Amino acid sequence: MNLKKTKFPDGFLWGGAVAANQLEGAYQADGKGLSTADVSPKGIMFPPDFSMKEFNLYHEGIDFYHKYKEDIALFAEMGFKAFRFSIAWTRIFPNGDETEPNEKGLQFYDQMINELLKYNIEPVLTISHYEMPLSLVKNYGGWKNRKLISFYENFARTLFTRFKGRVRYYMTFNEINVLFHAPFTGGGLLFENGERNEQDLYQAAHHQFVASALAVKIGHEIDPTAQIGCMIASMLTYPYSSKPEDMFAALSQDRKTLVFSDVQSRGYYPTYMMNDLEDKGITIHMEQGDLELLQENTVDYIGFSYYMSFVASTAPEHQNEKTAGNLMAGVKNPYLQSSEWGWQIDPVGLRTVCNQLYDRYQKPLFIVENGLGAVDKLEEDGTVNDDYRIDYLKAHIQEMKKAIGDGVEIMGYTSWGPIDLVSASTAELKKRYGFIYVDRDSEGKGSNKRYKKKSFDWYKKVITSNGEDL
Ligand code: BG6
């Protein structure tokens with residue numbers, strides 16, 4: 001492929017992505033209610049601590065709630081075209097089941113969005129990213145309860161109405177497939193005796209699919225120009241060997257992710273899933289009109305995160321050679337290096353995922369998360385030499401460019417955590433993704449001052465040249 005001839009399209013949405021609970025802090029300010037993240041001091045893969053006695057880094061985050069103007073000015077300096085953020089549901093509906101929103105919560109996002117628009121940065125809004133009102137867990141049992149659909153609907157309607165004309169890009173649920181990996185974070189689900197209940201999981205997934213389709217419907221009714229996407233954590237899986245059984249194991253593993261985008265993009269439950277449910281003796285309770293709603297309100301684009309790839313093997317001896325990941329562990333790939341957190345680095349996999357998703361759905365793709373979590377060192381002169389991050393991002397952007405050359409339609413790229421924030425899987429600040437260093441550590445100590453890393457200027461150059469100068 002002649003990469004020189006391949007160009008990123010005009011208007012390509014370069015930028016960064018964050019989630020409210022990982023950076024805002026101010027967890028009780030201006031009427032905000034408690035969320036599931038507020039009781040998850042160890043991160044999304046660990047059980048909650050309802051006593052709230054344990055130190056929780058999310059409570060103060062990096063104080064974006066008060067520093068957003070300073071931070072957005074830095075994003076603007078890098079030339080961001082887009083900024084992906086999420087709305088803390090509990091700022092708008094502190095308990096989740098109120099009928100009227102909390103005006104102060106809406107005002108915060110009004111101001112934040114206006115600040116982005118001041119710099120011509122396109123706001124990209126995730127309605128729900130890894131959190132929900134704790135009260136919906138305690139009083140309703142989370143997403144296994146159908147009532148959650150109308151609470152989410154009210155939440156989504158409030159956002160579409162309020163931000164109409166200012167926000168054009170939305171996503172309904174961040175990494176909707178997280179539900180099966182971290183059920184408390186993904187769906188507010190708690191299981192009796194800690195035993196995973198598949199019936200509840202699939203029921204909760206159905207309610208989220210219906211809620212997501214309703215959001216697409218309402219969003220389009222309120223603002224016909226709104227682009228509303230799904231968002232999955234892509235988990236490309238390779239067969240360990242050319243053994244046919246390994247190939248099928250890889251395909252089956254990928255389907256556990258793709259089933260989510262299949263329903264949200266194609267508008268129906270795939271046969272492979274229905275057969276699987278029958279085998280497991282699971283019946284999803286649906287109401288009249290659910291299937292039509294799914295069918296008639298499919299997403300406009302496919303949003304996804306990409307950090308690493310996975311390997312599936314049927315050989316028992318490989319099952320112990322596991323590597324880490326944000327949502328799940330996998331078999332080690334002998335061809336790949338890993339990050340300090342054990343995530344296998346695979347830029348070519350990004351090209352493959354782009355091609356696979358585009359072949360499957362024929363809808364524009366939006367890469368809304370990608371990045372390297374690493375330990376950074378703030379030098380005495382205030383610099384951070386994060387060449388490893390530049391190398392990681394450069395290699396991935398190159399592969400994204402190749403995917404465009406393959407004919408894949410890609411709307412934008414928002415790298416994860418343009419400013420250091422609290423990690424989701426491990427609730428720490430030791431692991432950093434940003435172009436901007438935040439002086440705060442995992443114990444919550446530090447000045448909270450912001451410093452530009454070496455990657456800051458590098459990313460600025462990438463954006464200014466629309467991906468030509470890497
Ligand atoms: C994605 C999430 O899975 O990965 C983000 O959408 C998360 O919320 C990101 O922060 C990186 O994971 P981690 O655990 O390193 O923060």
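In this predicted model, Glu 379 is partly exposed, with a relative accessible area of 30%. Its salt-bridge partner is Lys 377, and the closest N and O atoms of the two residues are 3.3 Å apart. Lys 377 counts as exposed, at 54% relative accessibility, because the cut-off for that class is over 50%. Salt bridges also work in groups here: Asp 376, Asp 386, Arg 389, Asp 420, Arg 432 and Lys 453 are joined into one network through the partners they share.

How many salt bridges does a search of the whole structure find? The count is 33, and two further pairs are worth a visit. One of them brings together the side chains of Glu 122 and Arg 168, with 2.7 Å from N to O. This pair links distant parts of the chain, 46 residues apart. Glu 122 belongs to strand S3 (residues 122-128), while Arg 168 sits in the loop between helix H6 (147-163) and strand S4 (169-173). Glu 122 counts as buried at 14% relative accessibility, whereas Arg 168, at 39%, counts as partly exposed.

The other pair is Arg 360 with Asp 262, whose closest N and O atoms are 2.9 Å apart. Is Asp 262 buried or exposed? Asp 262 is buried, with a relative accessible area of 0%, while Arg 360 counts as partly exposed at 27%.

Helix H9 (residues 244-266) also holds Leu 251. Together with Met 247 and Phe 248, Leu 251 forms a nonpolar patch on the surface, and the three residues share about 280 Å² of accessible area. Leu 251 itself is partly exposed, with a relative accessible area of 32%, so this residue passes the patch cut-off of over 30%.

Attention now turns to the ligand. Around it are 15 residues, of which Glu 175, Ala 424, Ser 425, Lys 431 and Tyr 433 come nearest. The shell divides into six nonpolar, six polar and three charged residues. For Tyr 433 the distance is 2.5 Å, for Asn 174 it is 3.0 Å, and for Tyr 307 it is 3.5 Å. Taken alone, the ligand exposes 380 Å², and the protein buries 99% of that.

Technical notes
Residues numbered from 1 in each chain as written. Predicted model: local features only at pLDDT ≥ 70, side-chain atom pairs only at ≥ 80, totals over all residues. Heavy atoms only, no water. Near = heavy atom within 4 Å. Polar contact = N/O pair within 3.5 Å; in protein donor to acceptor, adjacent residues only side chain to side chain. Areas by Shrake-Rupley, 256 points an atom, 1.4 Å probe, with all protein chains shown as cover. Nonpolar A, V, L, I, M, F, W, Y, C, P; charged D, E, K, R; others polar. Patch = residues over 30% accessible without salt bridge, like charges linked within 9 Å, V, L, I, M, F, W, Y side chains within 5 Å. Salt bridge = Lys/Arg side-chain N within 4 Å of Asp/Glu carboxyl O. Helix = DSSP H or I, 4+ residues; strand = E, 2+ residues; numbered from the N terminus. Buried < 20%, exposed > 50% of the residue type's maximum accessible area, 1.4 Å probe, protein only.
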